[in-house]
Amino acid sequence: HSTRTVIMDALNKNLADKSYVNGYVPSSADAETLATVPADLDEAKFPHVARWARHIRSFTDAERKAWGAAAAPSAAAAEEEDDDIDLFGSDDEEDEEVEAERNRRLAESQAKKKEKGVIAKSSVVLDVKPFDDETDLGALETKIRAVEMDGLEWKASKLEEIAFGIKKLVISCHVEDDKVSTDLLVEKIEEFDDEVQSVDIAAFNKL
């Protein structure tokens, strides 16, 4: 594997449950890391990177320059360090060093956040539309509440009429911002495709 592929793979894993390189707030790491994403990125292989890159490119240069410094180093910095030693040793050894260093710094960043003792939470309200009027919303709610994610806590729910006697399930939950991706949560619920037509985020508020 090339160094770039390893970095894209590591970045893809990092963005699997995050909106940005260092969590849920854009930073200079996002702007720097975007420069490492190739124009011919394999979107099927790195879907999270592709989603993130489209989002970051939607900001203007001025907006990106205004973002603060990153809490952890960017993949761009890691790649630059790796380029310095490109002439020595095997690619495999370099790739392992880059990934090990990235993981070490990521762990340090997470440890610092825990030391602060501040857990950012949000209240999310989801509108779950049934597949059809024969869908058992009670059974569907039981399935949804069985979805477990670290940092996810299900709250109240109710049924609201959409039209012609068809009702939707409105269910709320509290999520820890650093642990739970609402996109991933919506995807998990939409996996019940025999019973769910769509899931929309009706409300999202910081606690």
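This is a predicted model: local features need pLDDT of at least 70, side-chain atom pairs count only at pLDDT 80 or more; totals for chains, interfaces and linings use all residues.

Q: Which residue forms a salt bridge with lysine 13?
A: For a salt bridge, look for a side-chain nitrogen of Lys or Arg within 4 Å of a carboxyl oxygen of Asp or Glu. Here the partner is aspartate 9, with the closest N and O atoms 3.3 Å apart. Both residues sit in helix H1 (residues 3–14), 4 residues apart, about one turn of the helix. Aspartate 9 is partly exposed, at 29% relative accessible area.

Q: What does the salt bridge between lysine 143 and glutamate 195 tie together?
A: Here the side chains meet at 2.8 Å, N to O. Lysine 143 lies in helix H7 and glutamate 195 in the loop between H8 and E4, so this pair links parts that are 52 residues apart in sequence. Lysine 143 is partly exposed, at 37%, while glutamate 195 is buried, at 18%. Salt bridges can also share partners: Glu101, Arg104 and Arg105 are joined into one network that way.

Q: How many salt bridges are there in total?
A: The count comes to 14.

Q: Which residues form the negative surface patch?
A: A patch is built from residues with over 30% relative accessible area and no salt bridge. This one consists of Asp183, Glu187, Glu190, Glu191, Asp193, Asp194 and Asp200. Helix H8 (residues 182–190) gives the most, with 3 residues. Glutamate 190 is found in that helix, H8, and is partly exposed at 36% relative accessible area.

Q: And the inside: which residues of the largest nonpolar core touch the most other members?
A: The general idea is that nonpolar side chains tend to be buried together in soluble globular proteins. In this model, the largest nonpolar core has 20 residues, and Leu126, Val128, Ile144, Leu152, Trp154, Leu185 and Ile189 touch the most other members. Strands E1 (121–130), E2 (152–163), E3 (166–176) and E4 (196–206), together with helices H7 (137–145) and H8, each supply at least two residues of this core. The largest share, 4 residues, comes from E3.

Conventions
Residues are numbered from 1 along each chain as its sequence is written. Side-chain values use heavy atoms; hydrogens and water are left out. Patches are made of residues with over 30% relative accessible area and no salt bridge: like charges are joined within 9 Å, nonpolar side chains (Val, Leu, Ile, Met, Phe, Trp, Tyr) within 5 Å. Accessible areas come from the Shrake-Rupley method with a 1.4 Å probe; for residues, only the protein chains shown count as cover. Lys and Arg count as positive and Asp and Glu as negative; His and the chain ends are not counted. The place of a charge is taken as NZ of Lys, CZ of Arg, CG of Asp or CD of Glu. Buried means under 20% relative accessible area, exposed over 50%, partly exposed in between (1.4 Å probe, protein chains only). A nonpolar core is a set of buried Ala, Val, Leu, Ile, Met, Phe, Trp, Tyr and Cys residues joined through side-chain atoms within 4.5 Å.
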